[in-house]
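I opened my notebook to look at how the parts of one protein model meet. I wanted plain answers from the atoms.

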Amino acid sequence: MVESLLAVAVDSGVSSPLLVDFPYGRGAVWNIVYVSLYVSLIAVALSSLFGLTVAMLVGFNDFPGRSFVIALINTGMGFPSVVVGLVVLFAVSSEGPLGQIGFTLVFTREAMILSQFVLAAPVITGISLAAVIDVDDGVRDAAYAMGGTRLDVALTTVRQARYGIITGILAGLGRAISEVGSVLIVGGNIEGQTRTLTTAIQLEARQGRFEFALILGAILVALVLLINGLLLKVGGGRV
Amino acid sequence: MDRRRFLTLTGGSVATALAGCLGSDDTNESEPTAEILGETLTLTTTTSTYDTGLLSEVNDAFEKRFGAAVDTVAQGTGAALETGRRGDSDIVMVHARRLEDDFIGEGYGVNRRDLMFNDFIVVGPDDDPAGIDGMDEVTDAFTAIADTEAVFISRGDNSGTHAKELDIWEAVDIDPGGEWYRETGSGMGEVLNQAQLEGGAYALSDRATFISQRSELDELDICVEGPIEDGPELLSNPYGIVAVNPGVHDHVNYDLAIAYIGFVTSRQGEEIIESYTAAGEQLFFPEAIAENPNFQQYVPEDWVPDS
(Lines give C-alpha, C1' and ligand atoms only; values in the text may rest on other atoms or scores of the structure.)
Protein backbone atom coordinates (compact mmCIF):
# COMPACT_ATOMS: atom_id res chain seq x y z
CA MET A 1 0.00 0.00 0.00
CA VAL A 2 2.84 2.34 0.80
CA GLU A 3 4.19 2.07 -2.71
CA SER A 4 0.83 2.84 -4.27
CA LEU A 5 0.41 5.78 -1.92
CA LEU A 6 3.74 7.20 -2.93
CA ALA A 7 2.90 6.65 -6.56
CA VAL A 8 -0.35 8.55 -6.14
CA ALA A 9 1.30 11.33 -4.19
CA VAL A 10 3.82 11.78 -6.96
CA ASP A 11 1.29 11.32 -9.72
CA SER A 12 -1.42 13.60 -8.48
CA GLY A 13 0.50 16.67 -9.59
CA VAL A 14 0.65 15.30 -13.11
CA SER A 15 -2.30 14.04 -15.12
CA SER A 16 -1.57 10.35 -14.66
CA PRO A 17 -4.53 8.28 -13.44
CA LEU A 18 -5.01 7.19 -9.84
CA LEU A 19 -3.79 3.69 -9.24
CA VAL A 20 -6.56 2.63 -6.90
CA ASP A 21 -10.24 2.42 -7.68
CA PHE A 22 -12.15 4.77 -5.48
CA PRO A 23 -15.49 3.75 -4.04
CA TYR A 24 -16.81 6.60 -6.13
CA GLY A 25 -15.72 7.72 -9.58
CA ARG A 26 -12.76 9.85 -10.59
CA GLY A 27 -15.11 12.74 -11.27
CA ALA A 28 -16.16 12.74 -7.65
CA VAL A 29 -12.54 12.90 -6.54
CA TRP A 30 -11.88 15.88 -8.77
CA ASN A 31 -15.00 17.52 -7.45
CA ILE A 32 -13.75 17.04 -3.88
CA VAL A 33 -10.40 18.56 -4.80
CA TYR A 34 -12.18 21.42 -6.54
CA VAL A 35 -14.38 22.18 -3.53
CA SER A 36 -11.36 22.08 -1.22
CA LEU A 37 -9.41 24.49 -3.37
CA TYR A 38 -12.40 26.75 -4.08
CA VAL A 39 -13.26 27.17 -0.41
CA SER A 40 -9.74 27.45 0.99
CA LEU A 41 -8.24 29.67 -1.70
CA ILE A 42 -11.09 32.16 -1.51
CA ALA A 43 -10.99 32.09 2.27
CA VAL A 44 -7.22 32.66 2.28
CA ALA A 45 -7.42 35.42 -0.33
CA LEU A 46 -10.00 37.27 1.76
CA SER A 47 -8.03 36.60 4.94
CA SER A 48 -4.87 37.94 3.31
CA LEU A 49 -6.58 41.17 2.25
CA PHE A 50 -8.02 41.60 5.70
CA GLY A 51 -4.91 40.44 7.53
CA LEU A 52 -2.45 42.62 5.61
CA THR A 53 -4.63 45.70 6.08
CA VAL A 54 -4.89 45.12 9.80
CA ALA A 55 -1.18 44.30 10.07
CA MET A 56 -0.30 47.63 8.37
CA LEU A 57 -2.69 49.65 10.48
CA VAL A 58 -1.56 48.09 13.74
CA GLY A 59 2.09 47.87 12.74
CA PHE A 60 2.51 51.49 11.65
CA ASN A 61 0.35 53.26 14.17
CA ASP A 62 0.51 53.67 17.88
CA PHE A 63 -2.82 53.94 19.62
CA PRO A 64 -4.26 53.16 23.03
CA GLY A 65 -5.15 49.48 23.31
CA ARG A 66 -2.67 48.46 20.63
CA SER A 67 -1.12 45.70 22.69
CA PHE A 68 -4.61 44.44 23.52
CA VAL A 69 -5.42 44.20 19.80
CA ILE A 70 -2.16 42.30 19.22
CA ALA A 71 -2.98 39.93 22.08
CA LEU A 72 -6.43 39.42 20.57
CA ILE A 73 -4.98 38.56 17.16
CA ASN A 74 -2.52 36.14 18.69
CA THR A 75 -5.30 34.47 20.66
CA GLY A 76 -7.26 34.09 17.44
CA MET A 77 -4.46 31.95 16.04
CA GLY A 78 -5.43 29.30 18.55
CA PHE A 79 -9.21 29.26 18.03
CA PRO A 80 -10.35 25.62 18.02
CA SER A 81 -11.88 24.95 14.61
CA VAL A 82 -14.85 23.08 16.06
CA VAL A 83 -15.78 26.08 18.16
CA VAL A 84 -15.43 28.39 15.15
CA GLY A 85 -17.64 25.96 13.22
CA LEU A 86 -20.33 26.09 15.89
CA VAL A 87 -20.26 29.87 16.13
CA VAL A 88 -20.45 30.23 12.35
CA LEU A 89 -23.24 27.65 12.25
CA PHE A 90 -25.29 29.65 14.72
CA ALA A 91 -24.58 32.80 12.73
CA VAL A 92 -25.66 31.37 9.37
CA SER A 93 -28.45 29.11 10.64
CA SER A 94 -31.90 30.18 9.55
CA GLU A 95 -32.50 31.03 13.22
CA GLY A 96 -29.25 33.00 13.44
CA PRO A 97 -28.51 36.66 12.65
CA LEU A 98 -27.49 36.06 9.02
CA GLY A 99 -30.38 33.66 8.45
CA GLN A 100 -32.86 36.15 9.89
CA ILE A 101 -31.96 38.76 7.32
CA GLY A 102 -32.58 36.36 4.48
CA PHE A 103 -29.31 34.58 3.68
CA THR A 104 -29.59 30.83 3.23
CA LEU A 105 -26.00 29.96 3.95
CA VAL A 106 -26.13 26.88 6.11
CA PHE A 107 -24.57 23.81 4.40
CA THR A 108 -23.08 25.93 1.60
CA ARG A 109 -19.56 26.62 0.41
CA GLU A 110 -20.02 30.26 1.35
CA ALA A 111 -20.54 29.27 4.98
CA MET A 112 -17.38 27.16 4.78
CA ILE A 113 -15.45 30.12 3.37
CA LEU A 114 -16.71 32.20 6.27
CA SER A 115 -15.53 29.71 8.88
CA GLN A 116 -12.15 29.23 7.22
CA PHE A 117 -11.80 33.00 7.03
CA VAL A 118 -12.28 33.20 10.79
CA LEU A 119 -9.64 30.49 11.22
CA ALA A 120 -7.05 31.78 8.76
CA ALA A 121 -7.32 35.55 9.22
CA PRO A 122 -5.74 35.70 12.71
CA VAL A 123 -2.82 33.53 11.58
CA ILE A 124 -2.11 35.67 8.52
CA THR A 125 -2.61 38.89 10.48
CA GLY A 126 -0.43 37.81 13.39
CA ILE A 127 2.52 36.57 11.36
CA SER A 128 2.37 39.49 8.91
CA LEU A 129 2.20 41.90 11.81
CA ALA A 130 5.30 40.41 13.38
CA ALA A 131 7.09 40.71 10.04
CA VAL A 132 5.98 44.30 9.52
CA ILE A 133 6.99 45.34 13.01
CA ASP A 134 10.36 43.70 12.46
CA VAL A 135 11.17 45.90 9.49
CA ASP A 136 13.93 48.24 10.56
CA ASP A 137 12.67 51.76 11.27
CA GLY A 138 15.62 52.97 9.23
CA VAL A 139 14.07 51.54 6.06
CA ARG A 140 10.89 53.52 6.55
CA ASP A 141 12.79 56.65 7.53
CA ALA A 142 14.87 56.33 4.39
CA ALA A 143 11.74 55.94 2.27
CA TYR A 144 10.34 59.11 3.84
CA ALA A 145 13.61 60.93 3.42
CA MET A 146 13.69 60.09 -0.27
CA GLY A 147 10.39 61.87 -0.63
CA GLY A 148 8.09 58.86 -0.65
CA THR A 149 4.38 59.17 0.01
CA ARG A 150 2.68 57.13 2.70
CA LEU A 151 1.86 54.55 0.03
CA ASP A 152 5.49 54.32 -1.06
CA VAL A 153 6.55 53.81 2.52
CA ALA A 154 3.96 51.09 2.99
CA LEU A 155 5.02 49.33 -0.22
CA THR A 156 8.67 49.50 0.79
CA THR A 157 7.81 47.99 4.15
CA VAL A 158 5.78 45.21 2.56
CA ARG A 159 8.67 44.45 0.24
CA GLN A 160 11.03 44.22 3.19
CA ALA A 161 8.59 42.07 5.15
CA ARG A 162 7.51 39.90 2.22
CA TYR A 163 9.07 36.65 3.42
CA GLY A 164 7.28 36.93 6.73
CA ILE A 165 4.02 37.86 5.00
CA ILE A 166 4.25 34.89 2.63
CA THR A 167 4.96 32.62 5.57
CA GLY A 168 1.84 34.02 7.20
CA ILE A 169 -0.29 33.39 4.12
CA LEU A 170 1.06 29.85 3.80
CA ALA A 171 0.40 29.18 7.47
CA GLY A 172 -3.13 30.51 7.01
CA LEU A 173 -3.65 28.29 3.98
CA GLY A 174 -2.35 25.32 5.90
CA ARG A 175 -4.79 26.00 8.69
CA ALA A 176 -7.71 26.49 6.29
CA ILE A 177 -7.27 23.61 3.88
CA SER A 178 -6.35 21.03 6.50
CA GLU A 179 -9.05 21.64 9.06
CA VAL A 180 -12.06 19.39 9.27
CA GLY A 181 -13.96 20.46 12.37
CA SER A 182 -15.62 23.62 11.16
CA VAL A 183 -16.28 22.75 7.50
CA LEU A 184 -17.95 19.53 8.58
CA ILE A 185 -20.30 21.42 10.87
CA VAL A 186 -21.19 24.35 8.62
CA GLY A 187 -20.85 22.52 5.29
CA GLY A 188 -22.46 19.21 6.18
CA ASN A 189 -20.17 17.13 3.92
CA ILE A 190 -22.77 17.02 1.14
CA GLU A 191 -21.61 14.95 -1.81
CA GLY A 192 -20.74 17.08 -4.83
CA GLN A 193 -21.53 20.29 -2.95
CA THR A 194 -19.62 20.76 0.27
CA ARG A 195 -17.44 17.66 0.46
CA THR A 196 -13.80 18.66 0.84
CA LEU A 197 -10.71 16.49 1.05
CA THR A 198 -10.72 16.63 4.82
CA THR A 199 -14.40 15.79 5.28
CA ALA A 200 -14.10 13.03 2.67
CA ILE A 201 -11.13 11.62 4.61
CA GLN A 202 -13.22 11.71 7.75
CA LEU A 203 -16.07 9.92 5.98
CA GLU A 204 -13.79 7.22 4.56
CA ALA A 205 -12.13 6.68 7.92
CA ARG A 206 -15.54 6.37 9.58
CA GLN A 207 -16.39 3.57 7.20
CA GLY A 208 -13.13 1.77 7.79
CA ARG A 209 -11.79 2.40 4.28
CA PHE A 210 -8.48 3.60 5.63
CA GLU A 211 -6.67 3.07 2.35
CA PHE A 212 -8.86 5.53 0.45
CA ALA A 213 -8.66 7.91 3.36
CA LEU A 214 -4.87 7.83 3.16
CA ILE A 215 -4.87 8.34 -0.59
CA LEU A 216 -7.06 11.39 -0.21
CA GLY A 217 -4.64 12.53 2.48
CA ALA A 218 -1.74 12.14 0.06
CA ILE A 219 -3.60 14.24 -2.52
CA LEU A 220 -4.11 16.92 0.13
CA VAL A 221 -0.42 16.97 1.03
CA ALA A 222 0.57 17.10 -2.64
CA LEU A 223 -1.77 20.03 -3.22
CA VAL A 224 -0.41 21.99 -0.27
CA LEU A 225 3.12 21.27 -1.46
CA LEU A 226 2.24 22.51 -4.94
CA ILE A 227 0.66 25.71 -3.66
CA ASN A 228 3.61 26.34 -1.39
CA GLY A 229 5.98 26.00 -4.31
CA LEU A 230 3.93 28.33 -6.51
CA LEU A 231 3.53 30.97 -3.87
CA LEU A 232 7.21 30.96 -2.96
CA LYS A 233 8.12 31.31 -6.61
CA VAL A 234 5.75 34.25 -7.00
CA GLY A 235 7.03 35.70 -3.75
CA GLY A 236 10.54 35.72 -5.14
CA GLY A 237 12.67 33.11 -3.51
CA ARG A 238 13.49 31.40 -0.29
CA VAL A 239 11.82 32.00 3.03
CA MET B 1 -26.97 25.05 -2.72
CA ASP B 2 -26.56 28.12 -4.86
CA ARG B 3 -29.93 27.24 -6.21
CA ARG B 4 -31.38 27.44 -2.76
CA ARG B 5 -30.00 30.87 -2.22
CA PHE B 6 -31.28 31.89 -5.61
CA LEU B 7 -34.67 30.69 -4.53
CA THR B 8 -34.51 32.57 -1.29
CA LEU B 9 -33.60 35.74 -3.08
CA THR B 10 -36.22 35.43 -5.77
CA GLY B 11 -38.95 33.50 -4.09
CA GLY B 12 -38.49 34.00 -0.39
CA SER B 13 -40.74 31.28 0.91
CA VAL B 14 -42.15 28.06 -0.37
CA ALA B 15 -45.52 29.72 -0.74
CA THR B 16 -44.09 32.47 -2.90
CA ALA B 17 -42.11 29.99 -4.95
CA LEU B 18 -45.25 27.98 -5.51
CA ALA B 19 -47.19 31.06 -6.48
CA GLY B 20 -44.39 31.95 -8.86
CA CYS B 21 -44.66 28.49 -10.32
CA LEU B 22 -48.33 28.86 -11.04
CA GLY B 23 -47.78 32.32 -12.44
CA SER B 24 -45.00 31.35 -14.77
CA ASP B 25 -47.00 28.43 -16.08
CA ASP B 26 -49.55 30.89 -17.39
CA THR B 27 -47.08 33.13 -19.11
CA ASN B 28 -44.56 30.58 -20.28
CA GLU B 29 -46.46 27.78 -21.91
CA SER B 30 -43.70 26.93 -24.34
CA GLU B 31 -41.72 25.45 -21.45
CA PRO B 32 -43.84 22.88 -19.71
CA THR B 33 -41.13 22.18 -17.13
CA ALA B 34 -42.15 22.23 -13.51
CA GLU B 35 -40.74 24.79 -11.12
CA ILE B 36 -39.36 22.15 -8.76
CA LEU B 37 -36.82 21.27 -11.44
CA GLY B 38 -33.57 22.44 -9.98
CA GLU B 39 -34.88 22.90 -6.48
CA THR B 40 -32.96 21.32 -3.66
CA LEU B 41 -34.24 19.40 -0.69
CA THR B 42 -32.05 19.30 2.40
CA LEU B 43 -32.31 16.01 4.24
CA THR B 44 -30.63 15.38 7.56
CA THR B 45 -30.31 11.76 8.49
CA THR B 46 -28.36 9.19 10.44
CA THR B 47 -25.00 7.77 9.51
CA SER B 48 -26.51 4.29 9.08
CA THR B 49 -28.78 5.19 6.15
CA TYR B 50 -26.01 7.20 4.54
CA ASP B 51 -22.94 5.03 5.09
CA THR B 52 -24.70 1.90 3.84
CA GLY B 53 -25.28 3.65 0.51
CA LEU B 54 -29.05 3.23 0.62
CA LEU B 55 -29.75 6.93 0.43
CA SER B 56 -27.76 7.61 -2.68
CA GLU B 57 -29.81 4.90 -4.37
CA VAL B 58 -33.10 6.38 -3.16
CA ASN B 59 -32.05 9.94 -3.90
CA ASP B 60 -30.91 9.17 -7.43
CA ALA B 61 -34.31 7.68 -8.16
CA PHE B 62 -36.07 10.65 -6.55
CA GLU B 63 -34.00 13.04 -8.59
CA LYS B 64 -34.85 11.16 -11.75
CA ARG B 65 -38.55 11.27 -11.00
CA PHE B 66 -38.90 14.81 -9.67
CA GLY B 67 -35.89 16.61 -11.14
CA ALA B 68 -35.07 18.01 -7.74
CA ALA B 69 -31.77 17.30 -6.01
CA VAL B 70 -31.40 16.04 -2.48
CA ASP B 71 -28.60 17.37 -0.31
CA THR B 72 -27.98 14.73 2.30
CA VAL B 73 -26.28 15.62 5.55
CA ALA B 74 -25.35 12.55 7.60
CA GLN B 75 -25.40 13.23 11.33
CA GLY B 76 -26.52 11.26 14.36
CA THR B 77 -30.25 11.10 15.08
CA GLY B 78 -29.93 13.73 17.82
CA ALA B 79 -28.01 16.17 15.62
CA ALA B 80 -30.25 15.51 12.61
CA LEU B 81 -33.35 16.41 14.63
CA GLU B 82 -31.59 19.44 16.10
CA THR B 83 -30.80 20.70 12.60
CA GLY B 84 -34.47 20.31 11.75
CA ARG B 85 -35.44 22.20 14.91
CA ARG B 86 -33.38 25.14 13.75
CA GLY B 87 -35.06 24.99 10.36
CA ASP B 88 -31.82 24.20 8.56
CA SER B 89 -33.18 21.06 6.93
CA ASP B 90 -36.47 20.36 5.21
CA ILE B 91 -36.88 16.77 6.21
CA VAL B 92 -35.45 14.34 8.76
CA MET B 93 -34.95 10.57 8.47
CA VAL B 94 -33.96 9.03 11.79
CA HIS B 95 -34.35 5.98 14.01
CA ALA B 96 -35.20 6.80 17.60
CA ARG B 97 -38.93 6.93 18.21
CA ARG B 98 -38.54 8.59 21.60
CA LEU B 99 -36.54 11.49 20.11
CA GLU B 100 -38.84 11.71 17.08
CA ASP B 101 -41.83 11.96 19.43
CA ASP B 102 -40.19 14.87 21.25
CA PHE B 103 -39.57 16.52 17.89
CA ILE B 104 -43.20 16.15 16.79
CA GLY B 105 -44.55 16.91 20.26
CA GLU B 106 -42.71 20.24 20.32
CA GLY B 107 -44.27 21.13 16.99
CA TYR B 108 -41.14 21.01 14.85
CA GLY B 109 -42.15 18.04 12.74
CA VAL B 110 -45.31 17.10 10.88
CA ASN B 111 -46.52 14.23 8.69
CA ARG B 112 -44.39 11.53 10.28
CA ARG B 113 -44.40 8.15 8.56
CA ASP B 114 -43.00 4.79 9.51
CA LEU B 115 -40.51 4.06 6.75
CA MET B 116 -38.58 0.86 7.22
CA PHE B 117 -36.87 -1.21 9.83
CA ASN B 118 -33.93 -3.41 10.45
CA ASP B 119 -32.55 -4.47 13.79
CA PHE B 120 -29.73 -4.01 16.22
CA ILE B 121 -27.22 -6.70 17.00
CA VAL B 122 -24.56 -7.09 19.63
CA VAL B 123 -21.18 -7.71 18.08
CA GLY B 124 -18.14 -8.92 19.93
CA PRO B 125 -14.70 -10.50 19.65
CA ASP B 126 -14.19 -14.06 18.40
CA ASP B 127 -12.99 -15.33 21.77
CA ASP B 128 -16.10 -13.89 23.47
CA PRO B 129 -14.71 -13.14 26.98
CA ALA B 130 -18.17 -12.40 28.40
CA GLY B 131 -19.59 -15.64 27.01
CA ILE B 132 -22.64 -14.06 25.40
CA ASP B 133 -22.51 -15.74 22.01
CA GLY B 134 -25.91 -17.09 21.04
CA MET B 135 -27.79 -15.60 24.01
CA ASP B 136 -31.51 -15.13 23.35
CA GLU B 137 -31.94 -12.05 25.51
CA VAL B 138 -29.91 -8.90 24.96
CA THR B 139 -30.55 -7.98 28.59
CA ASP B 140 -28.69 -11.12 29.75
CA ALA B 141 -25.86 -10.31 27.36
CA PHE B 142 -25.49 -6.76 28.65
CA THR B 143 -25.53 -8.01 32.25
CA ALA B 144 -22.79 -10.54 31.41
CA ILE B 145 -20.67 -7.87 29.72
CA ALA B 146 -20.97 -5.60 32.74
CA ASP B 147 -20.28 -8.44 35.18
CA THR B 148 -17.14 -9.59 33.39
CA GLU B 149 -16.13 -5.99 32.66
CA ALA B 150 -15.37 -6.91 29.06
CA VAL B 151 -14.56 -3.90 26.90
CA PHE B 152 -17.74 -2.34 25.51
CA ILE B 153 -17.58 0.53 23.04
CA SER B 154 -20.48 2.93 23.20
CA ARG B 155 -21.52 5.50 20.61
CA GLY B 156 -22.05 8.10 23.32
CA ASP B 157 -23.28 10.58 20.72
CA ASN B 158 -27.03 10.87 21.33
CA SER B 159 -27.68 8.91 18.16
CA GLY B 160 -30.51 6.46 17.67
CA THR B 161 -28.20 3.54 18.39
CA HIS B 162 -26.93 5.25 21.53
CA ALA B 163 -30.51 5.89 22.66
CA LYS B 164 -31.27 2.19 22.16
CA GLU B 165 -28.17 1.18 24.10
CA LEU B 166 -29.17 3.39 27.02
CA ASP B 167 -32.66 1.85 26.93
CA ILE B 168 -31.11 -1.59 27.32
CA TRP B 169 -28.84 -0.55 30.20
CA GLU B 170 -31.89 0.95 31.84
CA ALA B 171 -33.83 -2.26 31.31
CA VAL B 172 -31.16 -4.24 33.19
CA ASP B 173 -30.80 -1.47 35.78
CA ILE B 174 -27.06 -1.02 35.27
CA ASP B 175 -25.34 2.34 35.14
CA PRO B 176 -22.34 1.49 32.95
CA GLY B 177 -19.00 3.10 33.74
CA GLY B 178 -15.38 2.33 34.43
CA GLU B 179 -12.36 1.19 32.43
CA TRP B 180 -14.31 -1.30 30.35
CA TYR B 181 -17.03 1.08 29.19
CA ARG B 182 -15.78 3.45 26.50
CA GLU B 183 -17.98 6.32 25.44
CA THR B 184 -16.44 7.37 22.15
CA GLY B 185 -18.85 10.00 20.90
CA SER B 186 -18.40 8.84 17.32
CA GLY B 187 -20.38 7.37 14.46
CA MET B 188 -21.37 3.71 14.03
CA GLY B 189 -18.62 2.97 11.53
CA GLU B 190 -15.97 4.51 13.77
CA VAL B 191 -17.17 2.50 16.76
CA LEU B 192 -16.97 -0.73 14.75
CA ASN B 193 -13.51 0.25 13.53
CA GLN B 194 -12.43 0.92 17.05
CA ALA B 195 -13.77 -2.44 18.21
CA GLN B 196 -11.86 -4.03 15.34
CA LEU B 197 -8.60 -2.21 16.08
CA GLU B 198 -9.00 -3.09 19.74
CA GLY B 199 -8.56 -6.69 18.60
CA GLY B 200 -12.23 -7.26 19.29
CA ALA B 201 -14.58 -5.52 21.71
CA TYR B 202 -18.33 -5.54 22.30
CA ALA B 203 -20.61 -2.97 20.75
CA LEU B 204 -24.24 -2.46 19.89
CA SER B 205 -24.59 -1.94 16.14
CA ASP B 206 -27.35 -1.64 13.62
CA ARG B 207 -27.27 -4.66 11.36
CA ALA B 208 -27.01 -2.63 8.16
CA THR B 209 -23.81 -0.79 9.06
CA PHE B 210 -22.22 -3.97 10.36
CA ILE B 211 -23.03 -5.95 7.22
CA SER B 212 -21.90 -3.25 4.85
CA GLN B 213 -18.57 -2.92 6.67
CA ARG B 214 -18.15 -6.57 7.50
CA SER B 215 -15.30 -7.17 5.07
CA GLU B 216 -13.15 -4.79 7.15
CA LEU B 217 -14.19 -6.29 10.48
CA ASP B 218 -12.66 -9.75 10.73
CA GLU B 219 -12.19 -9.59 14.51
CA LEU B 220 -15.92 -9.17 15.12
CA ASP B 221 -18.83 -11.60 15.14
CA ILE B 222 -22.52 -11.26 15.79
CA CYS B 223 -23.12 -12.47 19.36
CA VAL B 224 -26.75 -11.56 19.89
CA GLU B 225 -29.18 -11.41 16.99
CA GLY B 226 -32.03 -8.96 16.62
CA PRO B 227 -35.67 -9.65 15.71
CA ILE B 228 -34.89 -10.17 12.00
CA GLU B 229 -33.09 -13.38 13.02
CA ASP B 230 -35.64 -14.15 15.77
CA GLY B 231 -33.85 -12.15 18.43
CA PRO B 232 -35.59 -10.09 21.13
CA GLU B 233 -38.05 -7.37 20.13
CA LEU B 234 -36.04 -4.92 22.26
CA LEU B 235 -33.47 -4.86 19.44
CA SER B 236 -35.87 -3.69 16.76
CA ASN B 237 -34.71 -0.64 14.82
CA PRO B 238 -37.50 1.26 13.08
CA TYR B 239 -36.77 4.26 10.88
CA GLY B 240 -39.16 7.16 10.58
CA ILE B 241 -39.33 10.14 8.27
CA VAL B 242 -40.68 13.53 9.30
CA ALA B 243 -41.13 16.80 7.43
CA VAL B 244 -40.11 20.00 9.22
CA ASN B 245 -43.20 21.99 10.14
CA PRO B 246 -43.60 24.98 7.79
CA GLY B 247 -45.75 26.57 10.49
CA VAL B 248 -42.63 26.96 12.64
CA HIS B 249 -40.07 27.59 9.88
CA ASP B 250 -41.86 29.15 6.96
CA HIS B 251 -38.84 29.01 4.63
CA VAL B 252 -38.54 25.21 4.59
CA ASN B 253 -39.26 23.44 1.34
CA TYR B 254 -42.34 21.68 2.69
CA ASP B 255 -44.01 20.67 -0.55
CA LEU B 256 -40.84 19.02 -1.81
CA ALA B 257 -40.37 17.36 1.58
CA ILE B 258 -43.83 15.85 1.28
CA ALA B 259 -43.03 14.77 -2.27
CA TYR B 260 -39.96 13.00 -0.87
CA ILE B 261 -41.97 11.31 1.88
CA GLY B 262 -44.48 10.29 -0.74
CA PHE B 263 -41.74 8.87 -2.90
CA VAL B 264 -39.94 6.78 -0.28
CA THR B 265 -43.23 5.44 1.10
CA SER B 266 -44.54 4.56 -2.37
CA ARG B 267 -44.35 1.18 -4.12
CA GLN B 268 -41.32 2.38 -6.03
CA GLY B 269 -39.58 3.55 -2.87
CA GLU B 270 -40.48 0.29 -1.19
CA GLU B 271 -38.90 -1.65 -4.03
CA ILE B 272 -35.68 0.34 -3.89
CA ILE B 273 -35.38 -0.21 -0.16
CA GLU B 274 -36.28 -3.87 -0.42
CA SER B 275 -33.83 -4.66 -3.19
CA TYR B 276 -30.91 -2.76 -1.68
CA THR B 277 -28.28 -5.22 -0.53
CA ALA B 278 -24.75 -5.25 0.74
CA ALA B 279 -22.64 -8.38 0.66
CA GLY B 280 -25.69 -10.20 -0.67
CA GLU B 281 -27.88 -9.39 2.32
CA GLN B 282 -30.94 -7.17 2.44
CA LEU B 283 -30.23 -4.28 4.80
CA PHE B 284 -33.58 -2.54 5.30
CA PHE B 285 -37.16 -3.80 5.35
CA PRO B 286 -39.80 -1.32 4.18
CA GLU B 287 -42.92 -1.00 6.31
CA ALA B 288 -44.58 2.11 4.98
CA ILE B 289 -47.29 0.44 2.93
CA ALA B 290 -50.01 -1.45 4.75
CA GLU B 291 -53.62 -2.21 4.07
CA ASN B 292 -54.44 -1.25 7.62
CA PRO B 293 -52.11 1.61 8.47
CA ASN B 294 -50.83 1.92 11.98
CA PHE B 295 -52.33 5.26 13.01
CA GLN B 296 -49.84 5.60 15.82
CA GLN B 297 -47.13 6.41 13.26
CA TYR B 298 -48.53 9.91 12.70
CA VAL B 299 -48.48 11.10 16.29
CA PRO B 300 -46.25 10.75 19.36
CA GLU B 301 -46.70 7.28 20.83
CA ASP B 302 -48.26 8.45 24.09
CA TRP B 303 -50.46 11.07 22.45
CA VAL B 304 -54.14 11.15 23.30
CA PRO B 305 -56.70 13.55 21.87
CA ASP B 306 -57.65 16.43 24.16
CA SER B 307 -61.38 15.88 24.09
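My entries below go from the chain contact to the domains and then to the rings.

**Ground rules.** I am working with a predicted model, where local features need pLDDT of at least 70, side-chain atom pairs count only at pLDDT 80 or more, and totals for chains, interfaces and linings use all residues. Residues are numbered from 1 along each chain as its sequence is written, chains are lettered from A and ligands numbered from 1 in the order in which they are written, and side-chain values use heavy atoms, with hydrogens and water left out.

**Entry 1: chain B against chain A.** I looked up the contact (heavy atoms within 4.5 Å). Chain B gives 27 residues and chain A gives 26. I then looked up the buried area, which is the accessible area (1.4 Å probe) that two parts lose on being put together, summed over both.

Next I looked for salt bridges (a side-chain nitrogen of Lys or Arg within 4 Å of a carboxyl oxygen of Asp or Glu). I found one between chain B and chain A. Asp51(B) pairs with Arg206(A), and their closest N and O atoms are 2.7 Å apart.

Which elements of chain B give two or more residues to the side that touches chain A? I listed helix 1 (2-10), helix 3 (47-51), strand 2 (69-74), helix 5 (77-85) and helix 9 (188-197). Helices (H or I, at least four residues) and strands (E, at least two) are DSSP runs, numbered from the N terminus.

**Entry 2: inside chain B.** Chain B is divided into domain 1 (2-118 + 238-298) and domain 2 (119-236). These bounds come from an automatic or database domain assignment. In chain B, 20 residues of domain 1 are in contact with 19 residues of domain 2. The area buried between these domains is about 1400 Å², and carbon and sulfur atoms give 59% of it.

I counted two salt bridges across this domain interface. I also noted the salt bridge of Arg214(B) and Glu281(B), at 3.6 Å from N to O.

**Entry 3: rings.** Aromatic pairs are rings of Phe, Tyr and Trp (its six-membered ring) with centres within 6.5 Å; planes under 30 degrees apart count as stacked, over 60 as edge-to-face and the rest as tilted. I got 16 such pairs over all chains. Phe62(B) and Tyr260(B) have ring centres 5.0 Å apart and planes at 70°, so they are edge-to-face. Phe62(B) lies in helix 4 (residues 54-66) and Tyr260(B) in helix 11 (residues 254-264) of chain B, so the pair ties together parts 198 residues apart in sequence.
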